[in-house]
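Welcome, and thanks for stopping by. Have a look at the model below, and then we can walk through its chain contact and its aromatic pairs together.

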Protein chains: 2
Amino acid sequence: MPVNYQTPAASQLKPVRGVRLGIAEAGIRKLDRKDLLLIELAAGSRAAGVFTRNLFCAAPVQVCQRHLGGPESPGEIRALVVNTGIANAGTGEPGWLAAQATCAAVARRLSVVPEQVLPFSTGVILEPLPVERIEAGLPACVADLDADNWFDAAHAIMTTDTVAKAASRQIELGGRTITITGIAKGAGMIRPNMATMLGFVATDAAISQAALARMVREAADESFNCVTVDGDTSTNDSFILIATGGAGGSEIGESCPEYALLAESVTDVARELAQAIVRDGEGATKYIRILVEGGDNRAECKAVGYAIAHSPLVKTAFFASDPNLGRILAAIGNAGITDLDVNRIRMWLDDVLVSVDGGRNPAYREQDGARIMQQAEITIRVDLARGDAVASVWTCDLSYDYVKINADYRS
Amino acid sequence: MPVNYQTPAASQLKPVRGVRLGIAEAGIRKLDRKDLLLIELAAGSRAAGVFTRNLFCAAPVQVCQRHLGGPESPGEIRALVVNTGIANAGTGEPGWLAAQATCAAVARRLSVVPEQVLPFSTGVILEPLPVERIEAGLPACVADLDADNWFDAAHAIMTTDTVAKAASRQIELGGRTITITGIAKGAGMIRPNMATMLGFVATDAAISQAALARMVREAADESFNCVTVDGDTSTNDSFILIATGGAGGSEIGESCPEYALLAESVTDVARELAQAIVRDGEGATKYIRILVEGGDNRAECKAVGYAIAHSPLVKTAFFASDPNLGRILAAIGNAGITDLDVNRIRMWLDDVLVSVDGGRNPAYREQDGARIMQQAEITIRVDLARGDAVASVWTCDLSYDYVKINADYRS
């Protein structure tokens, strides 16, 4: 069960002009389950993405990067195809060929060129992708294409997610109503048993390629790059921002006044999706915000946030609602900031000041910590007292169910 | 239950000339439990140590480093005092004063100077050390001092360890019989609920301070620095090597022919203790050796080994005996070696070649992987195919009990 999250109603997910979505049951790994999603984009659509930094990145990730930035990049993207069940990672040359064959199959169906198609896979690593099943499923996807299919699409890309994740916004920009709608699946930087996080956000605004590329990086840095469940980076992580221009109007460049407003809304949608992933983190019973302030730079604030978020000690203490908060200090000391003066650090649990001067706050009472630890949502705030930089990391606790889900899933 | 490990019999733990050990129940955190150990060293004894790199290192660690290397370092060490229950970490200035008060109390009892005493603590972080209880317990420790107390001492420093950890060797060196005996407690680089790993090894060989300092670093690098349970580095980790010279003979320097033989035996004892810690890792049901070869340097081999050993995915798959081995590739890709060519990597599970050319070995059959995964001890071998460096990491799986132990321990 996710922590304080539920999927928006289908009616709340506004269609994006120029985007149609179709779903099918292709039987890629299991039968009787929607496991294939086709997203068709109108002519003139653009896309930009950020991808996993895992060196064993999946074949579809490599193909996406080539089609989005490579020499033969068409500039125009006309379709995305997403399968669940098989990650097509750790598959070597055959995997690369399978991802390209998938693009070619979609291109034939939609009468576009294969380089205008972006492939995505999520599932088990080291197993071959059954391209023939994807090909066989495509006609049903095409027949199902509809601008109002965002809700079903959010469900079609689920693996062990317990809820579908989607978000939608509308803003006024230069007298026009701009829609931003997105979906995501996963449970953090890693899908512990499917090894994938996927996020797709589309807008009908017209945006230059350079502005789009910058916007997707900025949005990812403030959303998907702030979440973790267990600290591994998956082989398939992909976050794609699509701009169809369907709303009309002149193209928005990086220097346009509309850029900031649109970027803020895109980031807002991405953040809602990213936080939904943590709230649905495998076995999660608590949603934990970590705010690190007073750093020399954002990078070291992130490092401290992740050191806390990745500590099994901290995560199990939160699962137990046990205010064994020295574990948080130990994690901070383990963050790799060699010149950190631990005697200046302050640490709060919500509004309770737990630690000062490298030790326990004399006024801290264990029952205050115990009270906060009972909550389903908790904020850990750390002041490094050495600068003005700030960063947030969002995570969940580590429970029996995390182990159960990951120990049992293939059996 | 530890994986294939049991404490040696008391008779197998040979006394070290110049070392006497005394145990007491001081009621430091809980009653009716041996929680205080005093190790008395004969005049002329030396010690060297390696300590945690956690910036929140405990007060006793700071005092040890000062007494071993500081300006007022006496060169001669006459006693070690170890308490369980409270880590005296995250305790700021009061913690520092408490550790020094402990040394002073021991010094008074043994008529030595406080700088000749090394203090060690293991237990809960952020809570004050009850020095008065340690002082009150010292007379019982002194009355109990005996050269044959290694077995009891190994039990006295246990916290959530399920077995006491001890090892002993005797070698012939220059016509003399040299004894090396050691004890340790903990479950890896971290004590998940007590935040401490401690290791003490003593020999009656006469060794120069420089040779001793080098020997303890070399031994740690080949033993305690190769193990992990959950990847956090504790605030109190300490490994101490003692040389009493009680065996007589001329002092062994770094350039002496005896150095290598003695260092090998010391490392052998340290490795046995370190591996015992992993075999007794919290909730461990499997003992996993990770051998990484073909690296440019030892550091990158270690990085790959730890990336595998710290992946909750890999650890839960081993707990489940599930040959979901793509998780190992994902961990390798996440090790931070930016120029690694994943298409050259090979990976074995014991003698089964699982992965070649960045993908699955065509000859690999899942039942072969499944057979190996059933074992209580498993070796993962990775060939990076880029150099001659090699490194080993020893770890255990991640089970329900790991979560249970760490979620419940203070309740």
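Predicted model: local features only at pLDDT ≥ 70, side-chain atom pairs only at ≥ 80, totals over all residues.

## Ground rules

Residues are numbered from 1 along each chain as its sequence is written, chains are lettered from A and ligands numbered from 1 in the order in which they are written, and side-chain values use heavy atoms, leaving out hydrogens and water.

## Two aromatic pairs in chain B

Over all chains, the structure holds 4 aromatic pairs (ring centres of Phe, Tyr or Trp, the last by its six-membered ring, within 6.5 Å; planes under 30 degrees apart are stacked, over 60 edge-to-face, the rest tilted). One of them joins Phe120(B) and Phe200(B) edge-to-face, at 4.9 Å centre to centre with 80 degrees between the planes. Phe120(B) sits in strand S5 (residues 117–124) of chain B and Phe200(B) in strand S8 (residues 198–203) of chain B, so this pair ties together parts that are 80 residues apart in sequence. Helices (H or I, at least four residues) and strands (E, at least two) are DSSP runs, numbered from the N terminus. Phe120(B) is buried at 2% relative accessibility, and Phe200(B) is buried at 1%.

Phe319(B) is partly exposed at 21%, and Tyr400(B) is partly exposed at 29%.

## Where chain B touches chain A

How many residues does each chain bring to the contact? Chain B gives 58 residues and chain A gives 58 residues, with contact meaning heavy atoms within 4.5 Å. About 4,600 Å² is buried between the two chains, 59% of it from carbon and sulfur atoms (accessible area, 1.4 Å probe, that two parts lose on being put together, summed over both). Leu55(B), Phe56(B) and Leu126(B) supply 16% of the area that chain B buries against chain A, more than any other three residues.

The count of salt bridges between chain B and chain A is 0 (a side-chain nitrogen of Lys or Arg within 4 Å of a carboxyl oxygen of Asp or Glu).

Note on methods. Buried < 20%, exposed > 50% of the residue type's maximum accessible area, 1.4 Å probe, protein only.
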